[in-house]
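Trainee: Hi, could you walk me through this one?
Mentor: Happy to, have a look at it first.
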Amino acid sequence: MGISVDFFGAIMGPFNWIVSAIMVGIHDVLSTMRMPAASGWTWTVSIIGLVLIIRAALIPVFLRQVSAQRRMRLLQPDLKRLQEKYKGKSDQLSRQAMAQEQMALYKEHGTNPLSACLPMLIQVPFFFALFQVLSGIPAAAREAHGIGAMTHEQAVQFDESSIFGAPLSASVLHGSGGDPAAVAVLTSLMILAMTAAQFITQRRIVARTVPDEAADNPLARQQKVIMYILPLVFGVGGVLFPIGVLIYWTTTNLWTMAQQFTIK
């Protein structure tokens, strides 16, 4: 167990440093512009800036995702014919043959069902890094050390900062000071915003990927399951996240939703 934890820590270490360095860099720029260094709003804008930098860097990946979505839509008639070919055949050989032919179709069209999730998957290590950094700030502030690229003084500033009475390092389940009611209300509002944005985004992806005539094939059903499951996962998991992480995830979901509507 110790080895696996150390291995995970070794992998996440560079991401933790990158995430905290971007936040601190934006925070320092805002401070030179006379925004209060210890203000929760200064740190909030730093988190939003982190999202904008990461998502701007992922624009080429997003464009490839859109191209893959279009190819998936063109693939649907072939998938429907394949489904009809093996309809009623549930033996192992038929299932294997169907899977092989399906993979051949994906290869021929240069796409796969996971292509629509690629930008989100690339973001995962940065999301976990931000979670680790923000979750570790209270301990860093107490134990007089920094975390990632953040100095001890900055950790104390962040730990003591809040917006609307809710500390950025607080979460519903783990507390961490501030007004519990403010933490609960702000958490609830951001969970609603990010799950709504996630649902709308996934619905847009389904509409672009799956034509109406292929709405009953396995891929369409899979996409629709994802459309309902992802918001549920984020909604339930949101109570575990510090306010700062919720700001990050709400902002990135709104960005993703806006991107989907900029592409015809």
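Mentor: Here is a short tour by way of your questions.
Mentor: This is a predicted model, in which local features need pLDDT of at least 70 and side-chain atom pairs count only at pLDDT 80 or more, while totals for chains, interfaces and linings use all residues. Residues are numbered from 1 along each chain as its sequence is written, and side-chain values use heavy atoms, with hydrogens and water left out.

Trainee: Okay, how many helices and strands are in the protein?
Mentor: There are 9 helices and 2 strands. Helices (H or I, at least four residues) and strands (E, at least two) are DSSP runs, numbered from the N terminus. Along the sequence the pattern reads α-α-α-α-α-α-β-β-α-α-α.

Trainee: And what share of the residues is buried?
Mentor: Of the 264 residues in the protein, 44% are buried. Buried means under 20% relative accessible area, exposed over 50%, and partly exposed in between (1.4 Å probe, protein chains only).

Trainee: Let's talk helix packing. At what angle do α3 and α4 cross?
Mentor: Helix α3 (residues 59–85) and helix α4 (residues 92–109) cross at roughly 160°, and their axes come within 10 Å. That makes α3 roughly antiparallel to α4. Axes here are lines fitted to C-alpha atoms, for helices over the stretch in contact, and angles run from 0 to 180 degrees between N-to-C directions. Angles under 35 degrees count as roughly parallel, over 145 as roughly antiparallel, 65 to 115 as roughly perpendicular and the rest as oblique.

Trainee: What about α3 and α9?
Mentor: The axes of α3 and helix α9 (residues 243–262) come within 12 Å and cross at roughly 50°. So α3 is oblique to α9.

Trainee: Switching topic, how many salt bridges are there?
Mentor: The count comes to 2 salt bridges, each being a side-chain nitrogen of Lys or Arg within 4 Å of a carboxyl oxygen of Asp or Glu.

Trainee: Which residue does Asp78 pair with?
Mentor: Asp78 forms a salt bridge with Arg81, and their closest N and O atoms are 2.2 Å apart. Both residues lie in helix α3, 3 residues apart, about one turn of the helix. Asp78 is partly exposed at 21% relative accessibility, whereas Arg81 is exposed at 54%.

Trainee: And which residue meets Glu101?
Mentor: The side chain of Glu101 meets that of Lys85 in a salt bridge (3.1 Å, N to O). This pair links distant parts of the chain, with Glu101 in helix α4 and Lys85 in helix α3, 16 residues apart. Glu101 is partly exposed at 28%, and Lys85 is partly exposed at 46%.

Trainee: Now the loops. What is the phi of Ala144?
Mentor: Phi of Ala144 is near 60°, a positive value in a residue other than glycine. Most residues other than glycine have a negative phi. Ala144 sits in the loop between α5 (118–142) and α6 (152–160), and it counts as exposed because its relative accessibility is 56%.

Trainee: Where is Phe164, then?
Mentor: Phe164 is in the loop between β1 (162–163) and β2 (166–167). Its phi is near 55°, also a positive value in a residue other than glycine. Phe164 is exposed, with a relative accessible area of 65%.

Trainee: Last one, where is Ala149?
Mentor: Ala149 lies in the loop between α5 and α6. At 24% relative accessibility, Ala149 is partly exposed. Its C-alpha atom is separated by 9.8 Å from that of Val133, 16 residues apart along the chain.
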